[in-house]
Amino acid sequence: MRRPVSVAPPKGKLGVLTPGMGAVGTTFMAGVELVRRKESLPVGSLTQMGTIRLGKRTDNRVPKIKEFVPLAKLDDLVFGGWDVFPDDAYEAASKAGVLDAKDLAKAQKFLKNIKPMKAAFDQTYVKNLHGTNVKKGKTKFDLAEQLRQDIRDFKKKNKLDRLVMVWCASTEVFLKAEDVHKDLASFEKAMKANHPAIAPSMLYAYAAISEGVPFANGAPNLTVDIPALENYAKEKRVPIGGKDFKTGQTLMKTVLAPGFKARMLGLNGWFSTNILGNRDGEVLEDPGSFKTKEESKLGALEYILQPNLYPELYGKIHHKVRINYYPPRGDNKEGWDNIDIFGWLGYPMQIKVDFLCRDSILAAPIVLDLALFFDLAQRAGMRGIQEWLSFYFKSPMCAKELYPEHDLFIQLMKLKNTLRWMMGEELITHLGAEYYD
Ligand SMILES: NC(=O)c1ccc[n+]([C@@H]2O[C@H](COP(=O)([O-])OP(=O)(O)OC[C@H]3O[C@@H](n4cnc5c(N)ncnc54)[C@H](O)[C@@H]3O)[C@@H](O)[C@H]2O)c1
């Protein structure tokens, strides 16, 4: 990839479309509105609160990221979305029960105006959902055409300059890439033939790319992670990325595991279990959807610990992930980790992590950052997979010949160096030999 010659300024309004206006989607929308009104701080958002060091440590140049790269302003964001339930964003947020009534009341008028467009949905792919706000069409291709029309209408009606799409809808059943995903012609043929390997999320991704709209996948679904759509995105000069927002338990895993490896501490096992009671938890009760999530959650340790390089330390890890739907907890998940490590002479030790987290509170700032960075990437002329945004994903997409980078701190360094590279600043290697000449 060549360094961008210039980055187009973020003039005009940016539409942020979310397939899925559930807990995450509405917490994101409500939160941005409260931040815009100065009712709250954008805690958890790197684009809004993060800084970036430029030049030498002695230079004292540490601007905020949003002052260093030309990001869209929060005031210029316009929200829209699709859902299989007809509730407006206020009703959906009230039902999701993430934000308390006091906060929701402040954003009530604003949220009431965001009404979901009819979804491209098929219950075969999300067994535990029964919605009515659903498009009709003879073929999957027809549905994709309707989504494209929605995008165009939304852009025109709101007088938008640009759009981005962030998938905030439910986790679909586990699918593997197959022949119909190999190129665009096969993919379009399969859409027209209602082939079962074409999931609804793929229709949104196809529609977005066709309309020149960047697409980020917040769920672990296969979606845009197939050669047909990856090549299509390159051809249409559209940035894409995924998969699965890195929020609670996996965030902690990608913080702790690099620490064990850095100290050459061994690992015998990692048992992770969760209780959660939101709709996401209910959807994940279905073994098909759980399998998709499980694959996404299991990958991180394997890639971070590199058992092929360190067979004595990481060759025999028992890694288990469980998710239990437990309604009393709502969105306030509890994630337990029992970690069996070993040290000098093989002596065993244990670490217990009990993370009482709030899923959507952790996910909302990720949606914001992804929307802003994907828009930036497009204005910088970057296309296809945006591996530099792996920081935000549990199961990051990357070029075929690479393995994904999961270590949160390497991901952050890569993200910041990409911003420096984009803006023609020197990269930071942390060598620092020049300070000791
Ligand atoms: N909250 C987190 O920490 C977190 C982390 C990683 C990934 N995710 C993923 O983000 C997604 C959203 O999570 P959530 O907690 O908001 O779930 P949610 O169930 O509250 O919201 C998802 C919404 O998507 C809608 N939907 C399903 N299929 C659709 C389709 N084809 N088109 C349009 N709408 C559709 C559902 O009706 C629902 O309202 C899930 O896939 C979840 O696994 C969440």
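A: What we have here is a predicted model. For 437 residues, that rule puts a compact globule near 22 Å, and the protein chain has 22 Å, so the two agree. Along the principal axes, the C-alpha atoms fill a box of roughly 65 × 50 × 50 Å. The chain's secondary structure comes to 16 helices and 11 strands, and 57% of the 437 residues count as buried.

Now for the inside. The largest nonpolar core has 62 residues, and those with the most contacts within it are Leu77, Phe373, Trp388, Tyr392 and Leu419. Helix α15 (residues 359-379) supplies the largest share of this core, 12 residues. There's also a second, separate core of 51 residues, with Trp82, Ala207, Ala208 and Val283 among them.

Let's zoom in on Tyr392. Setting aside neighbours within four places in sequence, Tyr392 is in contact with residues including Leu46, Phe245, Ile366, Leu370, Phe373 and Leu415. The list of its contacts also has Asp244, Lys246 and Asp369.

As a general note, nonpolar side chains in soluble globular proteins tend to be buried together. Still, look at the outside here: Leu41, Val43 and Met49 form a nonpolar patch on the surface, with about 310 Å² of accessible area together. Leu41 is found in the loop between α1 (23-36) and α2 (46-49). Its relative accessible area is 58%, and exposed means over 50%, so Leu41 counts as exposed.

How values were computed
Residues are numbered from 1 along each chain as its sequence is written. This is a predicted model: local features need pLDDT of at least 70, side-chain atom pairs count only at pLDDT 80 or more; totals for chains, interfaces and linings use all residues. Side-chain values use heavy atoms; hydrogens and water are left out. Patches are made of residues with over 30% relative accessible area and no salt bridge: like charges are joined within 9 Å, nonpolar side chains (Val, Leu, Ile, Met, Phe, Trp, Tyr) within 5 Å. Accessible areas come from the Shrake-Rupley method with a 1.4 Å probe; for residues, only the protein chains shown count as cover. A salt bridge is a side-chain nitrogen of Lys or Arg within 4 Å of a carboxyl oxygen of Asp or Glu. Helices (H or I, at least four residues) and strands (E, at least two) are DSSP runs, numbered from the N terminus. Buried means under 20% relative accessible area, exposed over 50%, partly exposed in between (1.4 Å probe, protein chains only). A nonpolar core is a set of buried Ala, Val, Leu, Ile, Met, Phe, Trp, Tyr and Cys residues joined through side-chain atoms within 4.5 Å. Contact means heavy atoms within 4.5 Å. The radius of gyration is taken over C-alpha atoms; the globule rule is 2.2 Å times the number of residues to the power 0.38.
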